[in-house]
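The sequence and structure come first.

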Amino acid sequence: MAGATSHFSRMDMRDRRRSLLPLLKKTHETDGFLSRESIGRLARKLRMSENEIYGVATFFPQFRFTPPGKYHIQVCLGNACHLGGAPNFMEGMKIERGLEDGRTSPDGVLSLQGVGCLGCCAMAPVVVVNGGIHGRMNRVTFMKLVDSLAPREEES
């Protein structure tokens, strides 16, 4: 690690900025999100301000700043999925589960993220749960899938 630190100290600002995105991606893959602490570590390593790093990270919608739920649900909102009704899945989660885009449920079980095209247009609309693809969904099958992951508590 000391070698990496001395390497970064010799880098000029342009090289450090060039290194930022790959390091953000690696941190996000490893941790599942970008925490305040990880942004601080990158700022120290690259000798950049946390605000600069946060500004870059917030530009890219694939980065999360809160931990994902046990079941991370990604709803494709690309053209084919959008036309196939995927926005209704997002609305269903908001209405039936109180979960909005980019949020994790208070119990940490579910997280929801609307994403750009996933490249599965022939199976549209598509939902990905923890990397597993579920195609040809509709709002009913989507909510059944969600219920299978995290059953609702019975109302008394």
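The model is predicted: local features need pLDDT of at least 70, side-chain atom pairs count only at pLDDT 80 or more, and totals for chains, interfaces and linings use all residues. Residues are numbered from 1 along each chain as its sequence is written, and side-chain values use heavy atoms, without hydrogens and water.

A pocket is an open set of points on a 1 Å grid over the protein atoms alone, where a 1.4 Å probe fits, with protein on both sides within 12 Å along at least five of seven lines; lining residues have an atom within 4 Å of a point. A volume is the space filled by probe spheres set on the points.

| Pocket | Volume | Lining by class |
|---|---|---|
| Largest | about 310 Å³ | six nonpolar, two polar, five charged residues |

Asp, Glu, Lys and Arg count as charged, Ala, Val, Leu, Ile, Met, Phe, Trp, Tyr, Cys and Pro as nonpolar, and the others, Gly among them, as polar.

The largest pocket is lined by 13 residues, and Arg97, Ser105, Pro106, Asp107 and Leu110 are the closest to its centre. The lining of the second largest pocket includes Phe63, Arg64, Phe65, Asp101 and Arg103.

Helices H3 (residues 36-46) and H4 (residues 50-59) (DSSP runs of H or I, at least four residues) pack with their axes 9 Å apart, at an angle of about 120°. Axes are lines fitted to C-alpha atoms over the stretch in contact, and angles run from 0 to 180 degrees between N-to-C directions. In contact (heavy atoms within 4.5 Å) are Ile39, Gly40, Leu42 and Ala43 of H3 with Glu50, Ile53 and Tyr54 of H4. By class, this contact has five nonpolar residues, one polar and one charged.

Technical notes. Helix = DSSP H or I, 4+ residues; strand = E, 2+ residues; numbered from the N terminus.
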